[in-house]
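Student: Hey, can you walk me through this one? I've never looked at it before.
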Amino acid sequence: MQSGNQTSVLHFILVGLYHPPQLRVLLFLTFLVIYLLTVSGNGLIILTVLVDVRLHRPMYWFLCHLSFLDMTISSAIVPKMLAGFLLDSRAISFGGCVIQLFSFHFLGCTECFLYTLMAYDRFLAICKPLHYATIMTQSVCNYLAFGTWLGGTIHSLFQTSFIFRLPFCGPNRVDYFFCDIPAMLRLACADTTINELVTFVDIGFLALTCFMLILTSYGYIVAAILRIQSADGRRNAFSTCAAHLTVVIVYYVPCTFIYLQPGSQEPLDGVVAVFYTVITPLLNPIIYTLRNKEMKAALRRLGGLKEVQPH
């Protein structure tokens with residue numbers, strides 16, 4: 001890899017998702033609706049948790065962070081994609097590309113840490129209920145949340161600076177719908193072997209470690225749930241765990257597919273990336289509201305509706 005940056009490219013062209021021209025309007029409307037639902041759904045979760053004092057607990061505090069991350073990740077990627085569909089505006093400045101790559105990996109890595117933290121929170125709540133309140137105090141929650149953001153910042157600064165030390169002298173067509181590591185490596189005018197290795201080790205280790213910690217937490221949680229005597233209690237606990245694991249799997253599996261083969265040029269890479277950039281941010285508000293009785297009750301209170309008491 002050459003040292004220093006000898007870049008002559010001033011802007012890049014985002015090729016976007018491959019699609020028949022006649023589907024352009026349909027795809028624009030589809031992604032627009034998904035984006036609006038993502039922003040409004042996650043915004044509603046944040047508003048509900050902030051307004052309803054009954055939700056001022058660690059689980060919902062972390063859920064607020066997750067909702068904010070989902071809104072910002074989607075906002076970093078989807079508006080530019082929509083402009084490509086509607087206006088055929090695919091150009092992005094060199095600086096804009098740097099910002100987009102940094103923002104995506106900063107927010108994505110923070111979310112990766114946050115999923116792990118939320119699994120640990122559920123582990124403590126279910127497996128250590130008598131000690132939960134003394135362990136997960138407000139100050140501890142603040143420090144843990146700050147740690148996820150700090151970890152995301154450090155990771156993204158490292159990856160972004162390492163990528164853009166490479167020279168980019170043309171071509172400038174990014175064969176992707178946003179500036180991301182695999183697509184940018186293919187445009188570099190230098191040997192990218194070291195970068196591909198670092199990406200594989202860094203992101204692979206981070207994702208695998210977080211995923212194993214999540215599975216470990218839920219392994220203990222499942223064992224604790226199976227000891228619950230009440231069938232309703234077991235059903236409710238399993239429902240919450242299944243919802244969280246569904247989101248985690250939809251987020252981690254596509255990421256693993258993309259970043260553990262950074263030199264890949266698979267045509268399906270863009271479609272796979274849609275899952276963790278567009279679909280997962282939409283799934284979170286759906287899963288955490290429709291499958292959560294407390295959130296549904298809080299939404300009814302926020303809307304001024306009376307709760308229906310079970311007989």
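Predicted model: local features only at pLDDT ≥ 70, side-chain atom pairs only at ≥ 80, totals over all residues.

Tutor: Residues are numbered from 1 along each chain as its sequence is written, and side-chain values use heavy atoms, with hydrogens and water left out.

Student: Okay, how do α5 and α7 cross?

Tutor: Helix α5 (residues 138–163) and helix α7 (residues 193–226) have axes that come within 11 Å and cross at roughly 165°. Helices here are DSSP runs (H or I, at least four residues), numbered from the N terminus. Axes are lines fitted to C-alpha atoms over the stretch in contact, with angles from 0 to 180 degrees between N-to-C directions.

Student: Parallel or antiparallel, then?

Tutor: α5 and α7 are therefore roughly antiparallel, a label for angles over 145 degrees.

Student: Which residues make the contact?

Tutor: From α5, H155, F158, Q159, F162 and I163; from α7, I194, N195, V198, T199, D202, I203 and L206. Contact means heavy atoms within 4.5 Å.

Student: New topic: how are the rings of F158 and F162 arranged?

Tutor: The structure holds 20 aromatic pairs (ring centres within 6.5 Å). The F158 and F162 ring centres are 5.8 Å apart with planes at 10°, so this pair is stacked (planes under 30 degrees apart). Both residues lie in α5, 4 residues apart, about one turn of the helix.

Student: And what's the chain like over residues 140–158?

Tutor: That span is 100% helix and 0% strand, and its end C-alpha atoms are 27 Å apart.

How values were computed. Helix = DSSP H or I, 4+ residues; strand = E, 2+ residues; numbered from the N terminus. Parallel < 35°, antiparallel > 145°, perpendicular 65-115°, else oblique. Phe/Tyr/Trp six-rings, centres within 6.5 Å; stacked < 30°, edge-to-face > 60°.
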